[in-house]
Amino acid sequence: MEQSSDLRFGEVPETRLDEALALSYLAFLETPENDERKHHYETLRECARVGAYDGDRLVGLMATYDFTLSLPGGELPAPGLTFVSVAPTHRRRGVLSGMMAELYRGFGAAGTPLACLWASEDAIYGRYGFGTGTRGLAVEINSSRPLALRIAPDERPLRLVDPADAPALLGPYYERTRAVRAGRTARTERWWREEWMVDKDPEDDDMSPPRIVALGEPLAGYVIYRTKSNGHGPGSVHIGELEADTPAVAAALWRYLAGIDLAHKVTAWARPLDDPLLHFCADRDQVRVTGEETGLRVRLVDVGAALRARSWAADVDVVLDVRDAHVPANAGRHRLSVRQGTATYEPTDAPADLGLDVRELGSGYLGTVPLRELAHAGLVTEHTPGAAASLDTALRTDLAPFTVDDF
Ligand SMILES: CC(=O)SCCNC(=O)CCNC(=O)[C@H](O)C(C)(C)COP(=O)(O)OP(=O)(O)OC[C@H]1O[C@@H](n2cnc3c(N)ncnc32)[C@H](O)[C@@H]1OP(=O)(O)O
């Protein structure tokens, strides 16, 4: 892609936030109302920002949240890309590519190990080395009849929680889920309030405020959902998040949701690939998977730092020949050696066992996509038969990586 020589890339100062927001609304085809605009302004103010300038005019914008991402057995800083916008007058001239290069330069200087994002379109970010970090299932329950279950639900009472109390009650619980499931960003008090507990659903004016139902003291599980009425017809229940200590607690929460009067449908836009509901429901005609999508995309910005920070399910010794068109420091042959749970990752002259792009390594990193599958798809080259399977065994996680925090 040819990049215009009159473009300049650099920081977007706070004095230009209004212009940056206007550009973003132009790119995303949005005209938000005052409260939402204020929220976007504050969010953008707190993010790090990269811009593209044509003369003095801002024609490209990209911002990063200061996130920390859970990994198998640990966590790392992982800036979250957002507000990625290019003026419609300047598309396909290399503005995004220029901003990505500027971003990666900054990451290199800061020693940033990972980056993450949710994409508006699937085809955009693979070229910059982003792989599949998490995937989610869309699930729909026919709740015109009681939920049929194969296990006994936890019969302790359920209680409604005031949204104002939710961050203090749910926050520590959510934090514990991060320790056992990779792919989850840490939530601040502000994130809870402004992303989860906001009264008005940003995408659907007809949704109720968030409802929170909890089970157990100490807390053993919770669900955050909204409802939607449908005039005289049956309404629906829409799950934001459901977390539970045990299958019995999960069963109690799902049974509750499916039992809500005046609603004949429960939907969840994203559930983990290994959601126990899909096994303990007694009727898969009643509980249907209606879609599967990539959630968080992950970029190994510093491959060595990223690999050393996660835990491993098995020892492994492989030489990886990594391609990285955007971060040259990652490219070339490196020996990944995991001994008794500790990884080393060093440059080597030894012949490669596996050849792959950093994008594919990103897809395997949290355990979501087996490298064996990518080898079968012709995207990973197996120079040593069995090397992809050995690395997959080491990368495997107990729970499927998953997040519902889109941004
Ligand atoms: C994390 C987030 O914020 S996701 C949100 C992304 N933003 C949006 O969807 C808002 C609307 N879209 C836009 O603002 C722009 O079209 C962007 C940001 C998607 C792309 O910006 P551009 O400056 O046009 O991209 P740029 O010219 O640098 O293209 C680089 C390469 O990506 C490709 N590309 C860019 N956009 C797309 C796309 N939507 N689908 C497929 N390929 C794309 C280009 O063809 C080019 O490929 P090449 O190098 O092989 O020739």
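The end C-alpha atoms of residues 7-152 lie 63 Å apart, and this span is 28% helix and 34% strand; helices (H or I, at least four residues) and strands (E, at least two) are DSSP runs numbered from the N terminus. The UniProt annotation "domain: N-acetyltransferase", from an unreviewed entry, covers this span; UniProt positions follow the numbering used here, feature names are shortened, and annotations may be inferred rather than shown by experiment. The model is predicted: local features need pLDDT of at least 70, side-chain atom pairs count only at pLDDT 80 or more, and totals for chains, interfaces and linings use all residues. Residues are numbered from 1 along each chain as its sequence is written.

**Annotated binding site**
- The unreviewed UniProt entry places the feature "binding site" at residues including V84, V86 and L96.
- V84 is found in strand β6 (residues 80-86), whereas L96 lies in helix α3 (residues 95-110).
- V84 counts as buried because 22 C-beta neighbours lie inside 10 Å; buried requires 20 or more other C-beta atoms within 10 Å, exposed 12 or fewer, and partly exposed lies in between, with C-beta atoms placed from the backbone.
- L96 is likewise buried, with 22 other C-beta atoms within 10 Å.
- Leaving aside neighbours within four places in sequence, V84 is in contact (C-beta atoms, placed from the backbone, within 7 Å) with M62 and L96.

**Domain arrangement**
- The domain assignment gives domain 1 (7-112), domain 2 (136-294) and domain 3 (297-395); such bounds come from an automatic or database assignment.
- Nine residues of domain 1 are in contact with nine residues of domain 2.
- On the side of domain 1 that touches domain 2, β4 gives the most, with four residues.

Note on methods
Contact = placed C-beta atoms within 7 Å.
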